[in-house]
Amino acid sequence: MKALLCKEFGPPETLAVGEVPSPEPGPGQVVVRVRACGINFPDGLIVEGKYQVKPPLPFSPGLELAGTIEKIG
């Protein structure tokens with residue numbers, strides 16, 4: 001599947017679309033087919049490495065989304 005990826009901390013221009021394996025939900029999780037997403041202010045800080053939480057690289061930013069549930073764990 002395609003995903004917007006942050007492979008290094010830096011400005012938003014460093015983000016790139018790439019291929020990642022399709023996720024499988026674990027217990028208590030769902031997989032959502034994303035129809036719309038937003039990148040908000042904290043997402044911008046995370047991508048730049050300026051937020052108190054720094055996820056392991058690479059990661060896909062985005063704390064807001066809307067879509068349909070595809071699979072239930």
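Residues are classed as buried under 20% relative accessible area, exposed over 50% and partly exposed in between (1.4 Å probe, protein chains only). The structure is a predicted model, in which local features need pLDDT of at least 70 and side-chain atom pairs count only at pLDDT 80 or more, while totals for chains, interfaces and linings use all residues. Residues are numbered from 1 along each chain as its sequence is written, and side-chain values use heavy atoms, with hydrogens and water left out.

Helices (H or I, at least four residues) and strands (E, at least two) are DSSP runs, numbered from the N terminus. Two strands pair if DSSP finds at least two bridges between them. Strand 1 and strand 2 pair in the antiparallel sense, over four bridges. Leucine 5 has alanine 16 of strand 2 as its bridge partner. Strand 1 has two faces. Ala3 and Leu5 form the covered face, and Lys2 and Leu4 the uncovered one.

The whole structure was searched for aromatic pairs. Rings of Phe, Tyr and Trp (its six-membered ring) pair if their centres lie within 6.5 Å; planes under 30 degrees apart count as stacked, over 60 as edge-to-face and the rest as tilted. One pair was found. The ring centres of phenylalanine 9 and phenylalanine 59 are 6.3 Å apart and the planes stand at 40 degrees, so the pair is tilted. Phenylalanine 9 lies in the loop between strand 1 (2-5) and strand 2 (16-19). Phenylalanine 59 lies in the loop between helix 1 (41-48) and strand 4 (64-72). The pair therefore ties together parts that are 50 residues apart in sequence. Phenylalanine 9 is partly exposed, at 33% relative accessible area. Phenylalanine 59 is buried, at 10%.

Phenylalanine 59 also belongs to the largest nonpolar core. Such a core is a set of buried Ala, Val, Leu, Ile, Met, Phe, Trp, Tyr and Cys residues joined through side-chain atoms within 4.5 Å. The largest has five residues: Cys6, Leu15, Ile46, Val47 and Phe59. In soluble globular proteins, nonpolar side chains tend to be buried together. Contacts (heavy atoms within 4.5 Å) were then listed for single residues. Neighbours within four places in sequence aside, isoleucine 46 is in contact with Phe9, Tyr51, Val53, Pro55 and Phe59. Both members of the aromatic pair are thus among the contacts of isoleucine 46.

Glutamate 8 sits in the loop between strand 1 and strand 2. Not counting residues up to four places away in sequence, glutamate 8 touches Thr14, Val47 and Leu57. Glutamate 8 and leucine 57 are 49 residues apart in sequence, with 6.7 Å from C-alpha to C-alpha.

Side chains of opposite charge can pair when their charged atoms come close. A salt bridge is a side-chain nitrogen of Lys or Arg within 4 Å of a carboxyl oxygen of Asp or Glu. By this rule there are four salt bridges. One of them joins lysine 2 and glutamate 19, at 3.5 Å from N to O. Lysine 2 is in strand 1 and glutamate 19 in strand 2, 17 residues apart. Lysine 2 is exposed, at 63% relative accessibility. Glutamate 19 is exposed too, with a value of 56%.

Arginine 33 and glutamate 70 also meet in a salt bridge, at 3.4 Å from N to O. This pair links arginine 33 in strand 3 (residues 30-38) to glutamate 70 in strand 4, 37 residues apart. Arginine 33 is partly exposed, at 42%. Glutamate 70 is partly exposed, at 43%. A further salt bridge joins glutamate 48 and lysine 50, whose closest N and O atoms are 3.4 Å apart. Glutamate 48 is partly exposed, at 31%, whereas lysine 50 is exposed, at 59%.

Aspartate 43, in helix 1, is buried yet has no salt bridge. For charge, Lys and Arg count as positive and Asp and Glu as negative; His and the chain ends are not counted. The nearest side chain of opposite charge is lysine 50, 15 Å away. Beyond four places in sequence, aspartate 43 touches Gly38, Pro61, Gly62 and Leu63.

Isoleucine 69 is in strand 4. Isoleucine 69 is exposed, with a relative accessible area of 55%. Apart from neighbours within four places in sequence, isoleucine 69 is in contact with Val30, Val31 and Val32.
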